[in-house]
Amino acid sequence: MKTLATLTAAAALLAFASPAFAADAAADCPVYQVEGTGPDVLLVPGLASSPAAYDGLVAALKDRYRFHRVAVAGFAGKPAVAGDPIDAAEADIVRYVGCAHLDAPALVGHSLGGFIGQEIARDHRGLLSRLVIVDALPFYSLIFNPGATPQNVAPQAAAMAAGLRAMDDAAFAASQARTAIMLSAAPEGQKRIIGWSIASDRGAMADAVHKLMTTDLRGDLPKLALPVTVLYATNAFVPPERAKALFEGAYAGLPDVRFIPVADSRHFIMFDQPEAFARAVDASLGDGQGDGQGGRLSDER
């Protein structure tokens with residue numbers, strides 16, 4: 001259950017009012033909610049999650065950055081598309097950067113969003129200026145098996161994907177309620193996670209879980225030629241020393257990386273420690289200002 005909880009970070013109905021949307025005259029240009037003034041930053045949510053997960057971050061930093069909130073097809077009420085949702089999201093983001101005329105924006109990606117950010121940085125060198133990965137690994141199966149390979153986890157990934165597809169609505173809702181408790185300590189955060197998950201396309205969730213569990217990006221990390229910051233949560237269940245070994249070990253191949261642990265948080269850092277999360281993201285998007293080791297950032301409240 002812990003594995004399912006980690007990998008099925010729930011998703012949300014797109015129920016937020018938008019002051020502005022970015023769109024190009026081209027009919028096939030994605031339309032994302034845009035807010036703020038300053039350098040451009042793409043915000044990519046996690047598995048089955050809504051871009052509303054970043055509400056607090058946008059409110060805190062919209063006077064410093066222009067945020068573009070990515071909505072991933074199949075998640076949180078956005079209709080699914082044919083094919084792999086992760087590949088579709090990557091293609092949409094790349095197309096958006098071009099048709100919205102963005103000049104090397106930064107990308108902040110939570111969970112699956114961090115995985116997408118790594119794929120974009122690998123496949124489209126120079127498209128992004130920097131990458132902030134939030135509680136995400138280059139190979140998700142390391143969470144439950146440090147010796148995992150895409151081959152030896154394939155049966156488990158297939159079973160998990162099949163289970164997601166096969167559950168009836170009541171069983172799925174109950175499982176997501178249990179999962180949400182593991183993903184956030186904040187009751188309101190849990191409520192949003194459950195609602196987003198129920199509003200997501202089950203097939204898109206299953207496809208994404210399968211890909212996350214069977215895709216190992218560690219060998220591609222040296223290709224990420226941009227500054228990367230990895231934020232990760234620590235708590236009573238995942239103590240700092242264990243989280244440090246997991247994340248720093250997984251990202252050992254990155255040529256330009258710093259790590260910022262955020263204490264007393266579960267997977268949705270933005271819900272559990274919103275102020276620390278905003279400070280850490282702000283420091284990561286800046287010119288290397290602040291504590292590169294993340295100690296002061298994570299300890300402040």
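A residue is counted here as buried under 20% relative accessible area, as exposed over 50% and as partly exposed in between, with a 1.4 Å probe and the protein chains only. The structure is a predicted model, in which local features need pLDDT of at least 70 and side-chain atom pairs count only at pLDDT 80 or more, whereas totals for chains, interfaces and linings use all residues. Residues are numbered from 1 along each chain as its sequence is written, and side-chain values use heavy atoms, with hydrogens and water left out.

The protein chain contains twelve helices and eight strands, these being DSSP runs numbered from the N terminus (H or I of at least four residues for helices, E of at least two for strands). Of its 301 residues, 55% count as buried. Where contacts (heavy atoms within 4.5 Å) join residues at least 6 apart in sequence, 78% of them link residues at least 24 apart.

Salt bridges, defined by a side-chain nitrogen of Lys or Arg within 4 Å of a carboxyl oxygen of Asp or Glu, number 18 in the structure. In one of these, the side chains of K62 and E35 meet with an N to O distance of 3.2 Å; because K62 lies in the loop between α2 (55-61) and β4 (66-69) and E35 in strand β2 (residues 32-36), the pair ties together parts that are 27 residues apart in sequence. K62 is partly exposed at 38% relative accessibility, whereas E35 is buried at 19%. A further salt bridge joins R165 and D207, with the closest N and O atoms 2.4 Å apart, and it links helix α5 (residues 154-166) to helix α8 (residues 202-214) across 42 residues of sequence. Both R165, at 45%, and D207, at 29%, are partly exposed. Between R218 and D216 the N to O distance is 2.7 Å, and the relative accessible areas are 29% for R218 and 27% for D216. Salt bridges that share partners also join D84, D87, E119, R122, D123, K211, D220 and K223 into one network.

Helix α7 (residues 187-198) has twelve residues and reaches 17 Å from its first C-alpha to its last, close to the 16 Å expected at 1.5 Å times one less than the number of residues. Its buried residues are G189, Q190, I193, W196 and S197, which cover an arc of only 135° around the axis and so lie on the same side of α7, the arc being that of the directions from the helix axis to the C-beta atoms. The cover over these residues includes α6 (169-183), α8 and α10 (269-272), while the face turned away from the buried side carries the exposed residues P187 and K191.

Six aromatic pairs are present, counted where ring centres of Phe, Tyr and Trp (its six-membered ring) lie within 6.5 Å, with planes under 30 degrees apart classed as stacked, over 60 as edge-to-face and the rest as tilted. The rings of Y32 and Y96 form a tilted pair, with centres 4.4 Å apart and planes at 45°, and this pair connects strand β2 with helix α3 (residues 85-99) over 64 residues of sequence. Y32, at 3%, and Y96, at 0%, are both buried. W196, F268 and F271 form one aromatic cluster.
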